Amino acid sequence: MKINGKHYRSVWPQGENAFGIIDQTKLPHEFVTLTLRSAEDAAHAIRSMQTRGAPLIGAVAAYGLALALRADPSDENLMLASANLSATRPTAVNLAWALKRVADAVCNRPRAERAALAWKEAQAIADEDVAMCESIGRHGLGLIREMAERKKRKLNILTHCNAGWLATVDYGTALAPVYLAHDAGIALHVWVDETRPRNQGASLTAFELGGHGVAHTIIADNAGGHYMQAGEVDLCLVGTDRVTANGDVANKIGTYLKALAAKDNDVPFYVALPSSTIDWSLPSGRDIPIEERSSDEVLKLTGRTTDGRLATVEIAAPGSAAANPGFDITPARLVTGFITERGVCAASETGLRGLFPQSETKAP
Ligand code: MRU
């Protein structure tokens, strides 16, 4: 993805002792990059959501674990650093998946080789994520092109949260097909759910789409159902943090309500994901741990003041409590289909197994 004419990934190596990320808590107001030099730096960046999005936190955790092994390649430190990184955010399975990949790559190898092997594995995870997202883009493009040819008019696509290049290493999941369709000259417009409480839609998705020149409009989270009833949504396209074996989908809080409204209005509801987001070990979405975040995210808002400063303000009645579940579960029956790096399939175990017949059912 290009920012001011320069190509960026959302995570990149800086030599073999550090790596870079974009500080997403500053977007869209400031473009700031950070250098992370330890597993603790990586854990802090994930927990504070300086870096976020299921595939991206997997890649960042992998680099973080490699740095932990550079400091101390013992089995004890491998287990400790892995547990610390894994505990940062519970819902996205990509985190545990990436940490297991790095651990598997080093566990039976001499200590002197471990840091270099782990670094190589982290780079492979990042590169593979880019390839998977590009492929998701191509499969999703087919779907969008078919719809555009059938409807013979500009398409309106609704998305929730940020499942673009900022949430992955590059391209994105749900937004990858949007970018490719725009680049292919297909007329489209994106309804961007603001995505309270952290506003990833208003801040990050709008930043991405604007940067790419894609027409878009930010809407309050509650407005999507209205536009669906009015026939102004042709397709809902979202990402996911974990898909269970039966096709249930965990994604940013509010996704479920959009899927319900889509079902009621016969709007196709597609979920885009790389295979690293499938948790074959869980039979259904009921078993997915839902992250509960600070009530401050609901009670306060951060933004830019008219004199250009970033400021946080209180928006709620003083003394009121707030609950803040970060994700919800959309049952497979509300999902029209999955767009994966291997193609489009039904949101069911049969659909997923048709594309990924060899995948292990063990927990990552
Ligand atoms: O809490 P976040 O911002 O990390 O949540 C991100 C999402 O819910 C995305 O939709 C999901 O990770 C898919 S990313 C390609």
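The ligand sits in the largest cavity of this predicted model. A cavity is a set of points, on a 1 Å grid over the protein atoms alone, where a 1.4 Å probe fits but cannot get out; a molecule sits in a cavity if more than half of its atoms lie within 2 Å of its grid points. Residues are numbered from 1 along each chain as its sequence is written.

**Shell around the ligand**

- The ligand is surrounded by 19 residues (a heavy atom within 4 Å).
- Arg-52, Arg-89, Gln-200, Asn-251 and Lys-252 are the closest of these residues.
- The shell consists of seven nonpolar, eight polar and four charged residues; Asp, Glu, Lys and Arg count as charged, Ala, Val, Leu, Ile, Met, Phe, Trp, Tyr, Cys and Pro as nonpolar, and the others, Gly among them, as polar.

- A polar contact is a pair of N or O atoms within 3.5 Å.
- An oxygen atom of the ligand lies 2.8 Å from a polar side-chain atom of Arg-89.
- For Asp-241, a side-chain N or O atom is 2.9 Å from an oxygen atom of the ligand.
- For Lys-252, the distance from a polar side-chain atom to a ligand oxygen atom is 2.7 Å.

Note on methods
Predicted model: local features only at pLDDT ≥ 70, side-chain atom pairs only at ≥ 80, totals over all residues. Heavy atoms only, no water. Polar contact = N/O pair within 3.5 Å; in protein donor to acceptor, adjacent residues only side chain to side chain. 1 Å grid on protein atoms, 1.4 Å probe; cavity = no way out; pocket = protein on both sides within 12 Å on 5 of 7 lines; lining within 4 Å.
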